[in-house]
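Hello,

Here is the structure you were expecting. Please open it alongside this note; my findings follow below.

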Amino acid sequence: MSEKRYTVKEMYYTLQGEGGQAGRAAIFLRFTGCNLWTGREVDRPKAICQFCDTDFVGTDGENGGKYTADELSKKLESIWTIHNESVTRDAWVVCTGGEPALQLDAPLIEAIHRAGFKIAIETNGTIELPDGLDWICVSPKAGAELLVTSGTELKLVYPQIQFDPKSFTALDFEYFFLQPMDGPDIEKNIVATVEYVKQHPTWRLSLQTHKLIGIP
Ligand code: SF4
């Protein structure tokens, strides 16, 4: 049997923009594909998730391709060591997408850990996660059943008529973040989010700082 290959849209070194790890250096490992939208504009009106701003189709991004677990972890190491002398204990990989849980599994987690990285995931929470992740960020999507009800941070885009933030705070997360919905109403949404957080201090404001400062 041939070895499993993981389909990757892109991998690049940047700073984490949002949530509880905002500001730290990290490699973004963007897997191809999502279970809530095909990624094709023609399918957006009938997609479960309709406000996606990410291109997760194909393998044509920076360092994109099909990798075995071993090849992928070596690639991460080589990207990290372009900017750092070695893979130290601060080395951080953010598995994102698309929906990374469609592909991320125990053998790949083991391989990335062996290479010295800690592993975060940004998931829509609709697929059970493998064990061994170091940071779990779940962003629930309206119309999709939430299966991952525990983790490190829950990040909710706000406001969404289908979601009352109060319905999430009993879940088993360490941090709860509200992130203003991007788009034409962003200024209004920031004001609404700030106001909500001031009145509900369980929540913290998450801004997409990478967009504010113009980095990927
Ligand atoms: S779940 Fe995430 S990646 Fe998938 S369509 Fe929605 S925002 Fe985009």
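The model is predicted. In it, 9 strands make up an open sheet with mixed pairing, and their order is 3-1-2-4-5-6-7-8-9. Strand 3 and strand 9 (203-205) are the edge strands, each pairing on one side only. Direction ignored, neighbouring strands of this sheet are turned by 30° against each other on average.

A helix also belongs in this picture. Helix 3 (residues 186-199) packs on the sheet. Helix 3 touches strand 7 (150-158), strand 8 (172-180) and strand 9. The direction of helix 3 makes about 145° with that of strand 8.

**Pairing around strand 1**

Strands of a sheet pair through backbone hydrogen bonds, either parallel or antiparallel.

Strand 1 (residues 6-15) runs antiparallel to strand 3 (residues 65-67), and 3 bridges join the two. Here Tyr6 stands opposite Tyr67 of strand 3.

Strand 1 also pairs with strand 2 (residues 25-31), in the antiparallel sense, over 7 bridges. Tyr12 has Phe28 as its bridge partner. Glu10 has Arg30.

**The ligand shell**

Which residues are around the ligand? They are Cys34, Leu36, Trp37, Cys49, Cys52, Thr54, Phe56, Gly97, Gly98, Glu99, Asn124 and Lys141. By type, the shell divides into 6 nonpolar, 4 polar and 2 charged residues.

Best wishes

Definitions and conventions: Residues are numbered from 1 along each chain as its sequence is written. This is a predicted model: local features need pLDDT of at least 70, side-chain atom pairs count only at pLDDT 80 or more; totals for chains, interfaces and linings use all residues. A residue is near a molecule or strand if its C-beta atom, placed from the backbone, lies within 6 Å of it. Ala, Val, Leu, Ile, Met, Phe, Trp, Tyr, Cys and Pro count as nonpolar, Asp, Glu, Lys and Arg as charged, and the others, Gly among them, as polar. Two strands pair if DSSP finds at least two bridges between them. Helices (H or I, at least four residues) and strands (E, at least two) are DSSP runs, numbered from the N terminus. Axes are lines fitted to C-alpha atoms, for helices over the stretch in contact, and angles run from 0 to 180 degrees between N-to-C directions. Two residues are in contact if their C-beta atoms, placed from the backbone, lie within 7 Å.
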